[in-house]
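Here's a walk through a two-chain model, taken one feature at a time. Keep the structure open while you read.

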Amino acid sequence: MDGIVGSLRLGWNALLLKEDAYEEMRADANPVVKGLILIVVVGLIVALFGLVGNILEWASTPDLNEIRDTVFYYLTQMPWWKMAGQDPNFIKNFDQIWNFNWSLATTLAPTPGKAALDILLVPIALVVRWLIYGVLAYLFARWLGGTGDLSETLGVLALAVAPQALNALNLIPFVEVGNLVSIWAILCAYLGLKTVHKLRWNRAMYATVLPFLLVIAAAVLAGCLGSAIFAILVKGG
Amino acid sequence: MASLLNSLWKTVILDDAGYQEWRERPNILLRAILLIIVVSLVAGLVSFAVNLVDRVTPPQLADIEEGMNAWMEWSQYFPFSQDPEFQRQWRDMTDVIVPMVRDLANVQAPLPRGITGFLNALGSWLSRALAAIGGWLFYGALVLIAANLLGGSAKLADFLGTVALYVIPGLLLLLKPVPCVGWLLALAGTIWSIVVYVKATSVATGLDGGKAFLAVILPFLAFLVLGLVLSALVVLWFAILF
């Protein structure tokens, strides 16, 4: 219990960007274990609050199937539909797009079942993200002249999960936390890397953002490749 | 409390002593967060009230019809709106859209309209405050990078805590709905916020006024250039492909 309380206290101080918190985590005998406890506890709290918020949001949302049927009925009454509807291909294509979009909307809509599943998925996702980002940030920090080891790096980067606690505000339906969590987490990660690896501000900044840039570069490359393949298919050559 | 309000007032009138007093108080980042939340919520009170009334009352069909007619009148400046066929189709559309909105408004959620409307309005109101915190952290971090490049220095928490004072003149946004002068007061509040931001940057980083101003606008300029370059690259890429 002391371990959980201690981890949460450390997480709170890390959230307030207090450098002592990162130093304390670095000096801990088991920074990885302490970090893992923090991540799992934060993940569970966020998912539980999210479950309540999702149930309220679901209960506040009108029946999507009824909305779909109402909109469709009136669409077919509109003047442009009567003109375009004379072409059977139009009706067929419209039906396909219409059904696809609505099935997407119903899939993405909040349901208590999906929120309950998050109790399992949120902590796992946080741990996986922490490990991947932690290893990449460690490699970049060492490359930039950092002196910390991997367990210390993972320990302080676990503190960067602390802003995820803000997702507990999803308890109130329709609240959009938006990019706040990501921005705050990046600032926490910067302080953590700067403290553990004893880097200057600019090198710590590079070590913090380079893992993200690597992922963005990979995504842009994939996008370019995808659009090139699409263009070849469209041109037929 | 009185001394805190006094310090805050001094910062608004750009008195150095006010900034020092604010920085010397404990837990600067927590205070900054609370300040932003309180100011954002107060500045958003009017829109919260309007939003709440909008969401708990059923839509007025006459208003929708009036809105569509107003759009038709406004669109008379475009050549297509002179076409009698377009005008006839627009009238037919109005005849369909008005009952559609009425029927959609009658689709029930499991909770009563009053509660769902309140939760919706509350969610939007709180989201604005959270967005304000996100914007403050994001832009603040970029300004600190610029300040460092210009020779200044500050600890992250101390810097963010000091520049958070920029939100106070934003309270003038509360007067935005005042007829005639409301928009002017809101504009004055925005400009005043920028001035407080520059002053706070100067105090926190040790830069002079000119460099602090440069540090504050550099991220904005960088985004502008980046946006233009990226847009040009995307257009170029698709021009090459298609």
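**Loops, then helices**

B:Cys180 is exposed, with 6 other C-beta atoms within 10 Å (exposed means 12 or fewer such atoms, buried 20 or more, and partly exposed in between, with C-beta atoms placed from the backbone). This is a predicted model, where local features need pLDDT of at least 70, side-chain atom pairs count only at pLDDT 80 or more, and totals for chains, interfaces and linings use all residues. Residues are numbered from 1 along each chain as its sequence is written, while chains are lettered from A and ligands numbered from 1 in the order in which they are written.

You'll find B:Cys180 in the loop between H8 and helix H9 (182–205) of chain B (helices are DSSP runs of H or I, at least four residues, numbered from the N terminus). Phi of B:Cys180 is positive, near 70°. Most residues other than glycine have a negative phi. B:Asn27 also isn't a glycine, and has a positive phi of about 55°. B:Asn27 is partly exposed, with 13 other C-beta atoms within 10 Å.

Now for the contact between the chains: 35 residues come from chain B and 35 residues from chain A (in contact means C-beta atoms, placed from the backbone, within 7 Å). On the side of chain B that touches chain A, H7(B) gives the largest share, 17 residues.

Within chain B, H7(B) also meets H8(B): B:Leu137, B:Gly140 and B:Leu144 in H7(B) touch B:Leu156, B:Phe159, B:Leu160 and B:Val163 in H8(B).

Note on methods:
Two residues are in contact if their C-beta atoms, placed from the backbone, lie within 7 Å. Helices (H or I, at least four residues) and strands (E, at least two) are DSSP runs, numbered from the N terminus.
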